[in-house]
Each structure stands twice: as structure tokens, then as C-alpha cells.
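Here is a friendly briefing to read alongside the model.

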Amino acid sequence: MVIDISIIDISTFVKSFVAVFVLADALGNAPVFLILTKGMEPEQKNKVFNKAALFATGVLLLFALVGQTVLNYLHISMGSLQVAGGLLLLLIALQMLEGKMDEPIVEAERDIAITPLAFPLLAGPGTLSAVMVLMSESPEAGLSVALGIVSAMFISWVIVRQSTRVDHLLGAEGAIIITQILGFLLAALAIEIGSAGIRALFFISSQ
């Protein structure tokens with residue numbers, strides 16, 4: 001199947017790529033991914049990364065197409081989504097600070113590829129809202145936004161896959177220190193995401 005380049009809006013494609021790549025923040029999240037998969041074999045880590053990237057890409061494409069319609073139907077605001085995402089990240093951060101990330105998380109009932117890796121780290125509330133806004137800019141934006149999403153997530157996947165190499169550079173003590181630091185930063189990020197949702201729910205809506 002050959003895509004007719006003439007029907008692609010280059011400006012929309014670039015904006016979509018930049019928005020998704022920056023908001024997914026694969027470079028910043030790579031160490032967090034490494035901590036969450038600590039103790040796994042390289043093959044297990046790669047499977048988790050592959051699943052997270054595919055799920056995040058699918059969620060972004062779905063939200064770009066029908067996200068606002070679904071949220072409106074369920075009466076869910078982006079503020080509520082931000083609060084939920086912030087709480088989820090905060091729970092993970094607290095576990096990191098308490099030293100509960102020493103064993104690999106591979107239980108069937110807790111698939112970290114979906115949460116928190118795919119959502120809310122790769123496909124967070126900010127990324128979801130960004131693709132919905134870009135999609136609404138013009139009726140012909142669909143293909144350009146979709147290509148931007150897929151391209152950005154592919155680059156993010158490549159970056160995250162390389163994070164496994166960092167594992168050989170960290171010693172046992174180094175891993176503990178990094179886990180504590182990242183746990184603190186992740187907690188701060190969780191509060192930031194949650195507070196943005198609270199502001200959207202209670203302050204902006206009341207103005």
C-alpha cells in the first residue's frame with residue numbers, strides 16, 4: 001500500500017510528531033522504565049517495552065479519532081483524566097521510595113506494560129489531549145496526525161529499548177540511589193499532573 005504524500009499536511013504531521021514525542025518524553029522516562037523492569041531478563045524487558053509502545057500508540061490513535069466523543073459520552077473531563085493519571089503515578093513513586101521495586105513486576109494481575117508504562121507515562125493526559133486538539137484543527141488532519149503519532153512513538157520505542165544498556169552501567173548501590181531519586185521526581189511529576197487536573201476541574205471551570 002502506497003500513501004499519497006500529496007494528501008499529507010506536512011505542518012500538521014510535524015506538529016503531531018513534535019507534540020507526541022515531547023509529551024511522551026521517552027528520554028526522560030527511560031530510566032523509570034528501567035527501574036520498573038529491574039530484575040527481568042533482557043527478553044522480558046523487550047517484550048514489556050514492545051507491548052507498552054504498541055498499546056500507547058493504539059490508545060493515542062483511538063483518542064485522536066474518537067477520544068472526545070468517548071469522554072463526552074462517559075461525562076469524563078480531561079481534568080478527571082489528569083487526576084487519575086497523577087494518582088496512578090504517585091502510587092508507583094511511593095513504591096519506589098519504599099524500596100518495593102527490587103523484584104520484577106511480572107504478575108498477571110499487574111501488567112506494567114499497560115499501566116504505568118503505556119498510560120500514563122507514554123500516553124498521558126497531556127498527550128491524549130494534544131492529539132485530540134490537533135485532530136480537530138481540520139477535517140483533513142486525520143492521516144497527518146496518525147502518521148505523526150506512529151512516527152513519534154516509533155522513535156520513542158527505539159529510545160526506550162536502548163535503556164536496557166544502562167543496566168550494565170549501574171551497580172547494585174547505584175540502582176538503589178537512582179531508584180530513590182527517580183521515585184522522588186516521579187512523585188513530583190504525579191503531583192504536577194494531578195494538580196493540573198484539579199485546577200481544570202475546580203478553578204478554571206468556575207471562572
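In what kind of contact do the side chains of glutamate 43 and lysine 47 meet? They meet in a salt bridge, at 3.8 Å from N to O; the term stands for a side-chain nitrogen of Lys or Arg within 4 Å of a carboxyl oxygen of Asp or Glu. The model is a predicted one, in which local features need pLDDT of at least 70 and side-chain atom pairs count only at pLDDT 80 or more, while totals for chains, interfaces and linings use all residues. Residues are numbered from 1 along each chain as its sequence is written, and side-chain values use heavy atoms, with hydrogens and water left out.

**Overall layout**

- The protein has eight helices and zero strands, and its pattern along the sequence reads α-α-α-α-α-α-α-α.
- Helices (H or I, at least four residues) and strands (E, at least two) are DSSP runs, numbered from the N terminus.
- Of the 207 residues, 40% count as buried; buried means under 20% relative accessible area, exposed means over 50%, and partly exposed lies in between (1.4 Å probe, protein chains only).

**The salt bridge**

- Glutamate 43 counts as exposed because its relative accessibility is 55%.
- Lysine 47 is exposed too, with a relative accessible area of 54%.

**The largest pocket**

- Pockets and cavities are found on a 1 Å grid over the protein atoms alone: a cavity is a set of points where a 1.4 Å probe fits but cannot get out, whereas a pocket is an open set with protein on both sides within 12 Å along at least five of seven lines, and lining residues have an atom within 4 Å of a point.
- The largest pocket has a volume of about 360 Å³, where a volume is the space filled by probe spheres set on the grid points, which are joined across faces, edges and corners.
- Its lining consists of 20 residues, and Leu23, Asn29, Leu121, Leu189 and Ile193 lie nearest the centre.
- Helices H1 (10–24), H2 (26–36), H4 (78–97), H5 (113–122), H6 (125–136) and H8 (172–204) each supply at least two lining residues, with the largest share, five residues, coming from H8.
- By class, this lining has 13 nonpolar, six polar and one charged residues; Ala, Val, Leu, Ile, Met, Phe, Trp, Tyr, Cys and Pro count as nonpolar, Asp, Glu, Lys and Arg as charged, and the others, Gly among them, as polar.

**The largest cavity**

- The count comes to one cavity of 30 Å³ or more, and the largest cavity has a volume of about 60 Å³.
- H3, H5 and helix H7 (142–162) are the elements that give two or more residues to the lining of the largest cavity, and H7 gives the most, with four residues.
- Residues lining the largest cavity include Phe33, Phe49, Leu117, Met153 and Trp157.
- The lining of the largest cavity divides into nine nonpolar, one polar and no charged residues.

**A nonpolar surface patch**

- Leu62, Leu65, Val66, Val70, Tyr73, Leu74 and Ile76 form a nonpolar patch on the surface, with about 690 Å² of accessible area together.
- Patches are made of residues with over 30% relative accessible area and no salt bridge, joining like charges within 9 Å and nonpolar side chains (Val, Leu, Ile, Met, Phe, Trp, Tyr) within 5 Å.
- Accessible areas come from the Shrake-Rupley method with a 1.4 Å probe, and for residues only the protein chains shown count as cover.
- Leucine 65 is found in helix H3 (residues 42–74) and counts as exposed, at 64% relative accessibility.

**Backbone details**

- The peptide bond from threonine 115 to proline 116 is cis, with omega near 10 degrees, and proline 116 lies in helix H5.
- Another cis peptide bond joins phenylalanine 119 and proline 120, with omega about 15 degrees; proline 120 is also in helix H5.
- Aspartate 25, in the loop between H1 and H2, has a positive phi of about 50 degrees although it is not a glycine.
- Histidine 75, in the loop between H3 and H4, has a positive phi of about 60 degrees and is not a glycine either.
- Aspartate 25 counts as partly exposed at 35% relative accessibility, whereas histidine 75 counts as exposed at 73%.
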